[in-house]
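Take a look at the helices here. The question to keep in mind is which way their residues face.

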Amino acid sequence: AGGTSLCNVFKPESGCSDKAKGFIEKWSAKTEKDWTAQTERLKGMLEKDSGSLKPEVLGWAKQRLSIFKQLAKGPKEEL
């Protein structure tokens with residue numbers, strides 16, 4: 001498991017773990033304000049605590065941050 005996620009929030013069936021799919025489903029229904037608050041919380045956690053986090057916790061935090069960034073940007077193309 002590398003540090004980069006191939007999980008695309010707009011096509012979660014390809015490349016996303018079940019854990020990530022559940023997270024995307026939960027958070028895609030929320031507002032951008034909610035995403036921003038969680039993004040800031042995760043950034044703070046990664047900046048302050050990354051050295052003391054277990055690798056799997058650190059990886060999941062980075063993956064959640066990536067998901068929030070994708071949600072905030074929106075889909076690459078409108079269908």
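A residue counts as buried when its relative accessible area is under 20%, and as exposed when that value is over 50%. The model is predicted.

Start with H2. By that cut-off, its buried residues are Trp 35, Gln 38, Thr 39, Leu 42, Met 45 and Leu 46. Seen down the axis of H2, they fall within an arc of 130°, so they line one face of the helix. An α-helix has 3.6 residues a turn, so residues three or four places apart point the same way. On the other side of H2, the exposed residues are Lys 33, Glu 47 and Lys 48.

What do the buried residues of H2 pack against? They pack against H1 and H3.

Now turn to H1, residues 18-28. Here Ala 20, Phe 23, Ile 24 and Trp 27 are buried. Their arc, viewed down the axis of H1, is within 100°, so they too line one face. Asp 18, Glu 25 and Lys 26 are exposed, on the face turned away from the buried side. The cover over the buried residues of H1 includes H2 (32-49) and H3 (55-73).

Finally, H3. Ala 72 sits in this helix. Its relative accessibility is 44%, so Ala 72 counts as partly exposed. From Ala 72 to Lys 33 is 39 residues in sequence, but 9.8 Å in space, C-alpha to C-alpha.

How values were computed. Residues are numbered from 1 along each chain as its sequence is written. This is a predicted model: local features need pLDDT of at least 70, side-chain atom pairs count only at pLDDT 80 or more; totals for chains, interfaces and linings use all residues. Side-chain values use heavy atoms; hydrogens and water are left out. Buried means under 20% relative accessible area, exposed over 50%, partly exposed in between (1.4 Å probe, protein chains only). Helices (H or I, at least four residues) and strands (E, at least two) are DSSP runs, numbered from the N terminus. The arc is that of the directions from the helix axis to the C-beta atoms. Contact means heavy atoms within 4.5 Å.
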